[in-house]
Structure formats: C-alpha cells, structure tokens
Amino acid sequence: EMGHLFETYILHEVRSYLHYTGKHYPIYFWSSPDGVEVDLFLETQKGYFAVEMKSGKLWYSRFNRGLKRIQEEYQLKTDQLLGIYYGEKDLTVDGITVLTIQNFLQRLWEDSLII
C-alpha cells in the first residue's frame, strides 16, 4: 500500500539523519487510549516533535486530529508539529505547517528541522 511505503520511507530518512548527525533520539509512534494516532513522535533536546504523514496530494483538516491531540497533551508549540504530504506546495492548515515531501527532506538534511 502506497501510504505504508510513504511512511516507511520518511521513517528511514529520519533514522538515517539521526544516525548521521549523532542525534540519538528515540522515534515513537504515538496513540491515545481512544485511538487517535500520530505517525512519528520524537523527544529532542528542544522538546517534543510530532509528525503526521499522508501519501495523498491533498491535506484535510481531519488529518490534524492526532497532532492537535498531542499538542494538548504535551503543551507543544506549533513549531513542534508538522504534516508531510505528496502535494505540490507547503501549506498551513488550522495552524499546522504541512510540508511537501521534497521540502521536508531538504529541511531535514539541512539540519533545520530536528534540533
């Protein structure tokens, strides 16, 4: 399934980046007791970082559900939340920054995302 491949690819890139830069942050999948999920959850020097991934070319408000929930539970700032998708341009949807996969990877490897 395309969505699974997309998530696996992003996860691999994040793992490679963390290894390459010597940032030994564990990567988690987050889920609330009532089944709300976030695909990738990191604890960094700066605090937490949560990422939702969608393999489609559109981003809907409902995709932010897990990010909004984790934001409440951990008192995260909006710069600690991120969406990634296959669309053509970066977006802000309900206060959540959503990056294209290309821009996510570029910013990741430029060392400007995960501090």
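**Entry 1: β3 and β4.** I looked up Glu-52 and found its bridge partner in β4, which is Gly-83. The model I am reading is predicted. I then checked how β3 and β4 run: they are parallel, and four bridges join them.

**Entry 2: the sheet.** Six strands make up an open sheet, and I read their order as β1-β2-β3-β4-β6-β5, with mixed pairing. I noted β1 and β5 (91-93) as the edge strands, each pairing on one side only. From one strand to the next, the twist averages 30 degrees.

**Entry 3: β1 and β2.** In which sense do β1 and β2 pair? I found them antiparallel, over four bridges. Ile-27 stands opposite Leu-42, a residue of β2. I counted five residues between the strands of this hairpin, where Gly-35 has a positive phi near 90 degrees.

**Entry 4: helix α2.** I went through residues 65-74, which form α2, and listed Gly-66, Leu-67, Ile-70 and Gln-71 as the buried ones. Why do they line one face of the helix? Seen down the axis of α2, the buried residues fall within an arc of 135 degrees, so they line one face. I set beside this the general point that an α-helix has 3.6 residues a turn, so residues three or four places apart point the same way. On the face turned away from the buried side I found the exposed residues Arg-65 and Glu-72. Just after α2, I noted Gln-75, which takes a positive phi of about 50 degrees.

**Entry 5: helices on the sheet.** I asked what the buried residues of α2 pack against. They pack against β1 (27-31), β2 (37-44), β3 (47-53), β4 (81-85) and β6 (96-100). The helix α2 lies across these strands and runs at about 40 degrees to β2. I also checked α3, residues 101-109, which lies across β4 and β6. Its angle to β6 is about 95 degrees.

**Entry 6: the largest pocket.** I looked up the space in the largest pocket and got about 290 Å³. It is lined by 18 residues, and I wrote down those closest to its centre: Lys-46, Phe-49, Asp-79, Gln-80 and Leu-113. Which elements give two or more residues to the lining? I found β3 and β4. Of the elements, β3 gives the most, with three residues.

Note on methods: Residues are numbered from 1 along each chain as its sequence is written. This is a predicted model: local features need pLDDT of at least 70, side-chain atom pairs count only at pLDDT 80 or more; totals for chains, interfaces and linings use all residues. Side-chain values use heavy atoms; hydrogens and water are left out. Buried means under 20% relative accessible area, exposed over 50%, partly exposed in between (1.4 Å probe, protein chains only). The arc is that of the directions from the helix axis to the C-beta atoms. Contact means heavy atoms within 4.5 Å. Two strands pair if DSSP finds at least two bridges between them. Axes are lines fitted to C-alpha atoms, for helices over the stretch in contact, and angles run from 0 to 180 degrees between N-to-C directions. On a 1 Å grid over the protein atoms alone, a cavity is a set of points where a 1.4 Å probe fits but cannot get out, and a pocket is an open set with protein on both sides within 12 Å along at least five of seven lines; lining residues have an atom within 4 Å of a point. Grid points are joined across faces, edges and corners, and a volume is the space filled by probe spheres set on the points.
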